[in-house]
Amino acid sequence: MGRGAVAAAALTLWWLTGRAGAVWLELSTTATKCLSEEIQSNVVVMADYSILFEEHPVRPTVFVKVTSPYGDVLHLAEKVTYGQFAFTTAESGVYVACFWAETLDRGMVINLNLDWRVGIAAKDWHTVAKKEKIDGVSLELVKLEAAARAIHGNLLYLIVKEAGMRDLSEWTQVKITWLSLMSLAVCIAVSVLQVWHLKRFFQKKKLI
């Protein structure tokens with residue numbers, strides 16, 4: 001395999017298994033901005049955030065809170081202008097990072113830069129290359145191996161999740177079937193009671 005093919009394959013697998021990117025958030029006193037992502041267990045997450053300073057009459061600060069799918073606080077910072085957090089996910093689910101600004105002047109908006117990296121995108125490959133004394137194609141092959149493991153893990157996670165959704169769907173279908181049968185039985189019983197009641201009524205009135 002040529003060097004170009006290795007690099008292209010590594011880039012493709014990197015995109016499939018690791019996500020990284022910087023976003024800008026506009027914060028004001030009227031709303032909290034949150035980002036969420038569904039991540040499986042045993043995945044490294046790293047992020048850096050900082051206020052983009054502009055012409056503000058006061059030095060703005062922000063509050064940051066990162067929570068796990070079960071509500072555990074993984075990172076909490078108050079009245080900061082920059083910071084970072086890193087953790088390895090303990091369980092699969094949706095992880096949420098929320099940002100809100102301290103009291104600002106009316107109409108004032110501040111911009112926050114967030115660099116969010118998940119999976120192999122969060123790995124320090126420069127340090128790995130230096131420690132293992134590898135570079136070039138060898139480094140790309142190491143990345144490919146890590147990406148292959150990540151893809152395998154993602155596939156297993158999706159299979160388990162799909163099985164859980166299928167079981168839930170089947171359970172729901174059974175419950176709906178029983179509910180439909182019960183509703184039908186109640187309707188039949190009510191109809192029989194109405195006929196019986198009407199028959200007695202007409203008999204008392206000597207209409208039949």
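**View 1. The stretch that UniProt annotates as a transmembrane region, residues 176-196**. The label comes from an unreviewed UniProt entry; such positions follow the numbering used here, feature names are shortened, and annotations may be inferred rather than shown by experiment. The model is predicted: local features need pLDDT of at least 70, side-chain atom pairs count only at pLDDT 80 or more, and totals for chains, interfaces and linings use all residues. Residues are numbered from 1 along each chain as its sequence is written, and side-chain values use heavy atoms, with hydrogens and water left out. Over residues 176-196 you get 100% helix and 0% strand, with the end C-alpha atoms 30 Å apart. Helices (H or I, at least four residues) and strands (E, at least two) are DSSP runs, numbered from the N terminus.

**View 2. A nonpolar patch on the surface**. Leu 181 sits in helix H3 (residues 136-204) and is partly exposed, at 47% relative accessible area. Buried means under 20%, exposed over 50%, partly exposed in between (1.4 Å probe, protein chains only).

**View 3. Aromatic pairs around Phe 85**. Searching the whole structure turns up six aromatic pairs. Rings of Phe, Tyr and Trp (its six-membered ring) pair if their centres lie within 6.5 Å; planes under 30 degrees apart are stacked, over 60 edge-to-face, the rest tilted. Phe 85 and Phe 87 have ring centres 6.2 Å apart and planes at 15 degrees, so they count as stacked. With Trp 116, Phe 85 goes edge-to-face, because the centres are 5.9 Å apart and the planes at 70 degrees. Phe 85 is in strand E6 (residues 82-88) and Trp 116 in strand E8 (residues 110-118), so this pair ties together parts 31 residues apart in sequence. Both Phe 85 and Trp 116 are buried.

**View 4. The largest nonpolar core, 24 residues**. Such a core is a set of buried Ala, Val, Leu, Ile, Met, Phe, Trp, Tyr and Cys residues joined through side-chain atoms within 4.5 Å. Leu 27, Tyr 49, Phe 99, Leu 112 and Trp 116 touch the most other members. E8 gives the most to this core, with five residues.

Technical notes. Patch = residues over 30% accessible without salt bridge, like charges linked within 9 Å, V, L, I, M, F, W, Y side chains within 5 Å. Areas by Shrake-Rupley, 256 points an atom, 1.4 Å probe, with all protein chains shown as cover. Salt bridge = Lys/Arg side-chain N within 4 Å of Asp/Glu carboxyl O.
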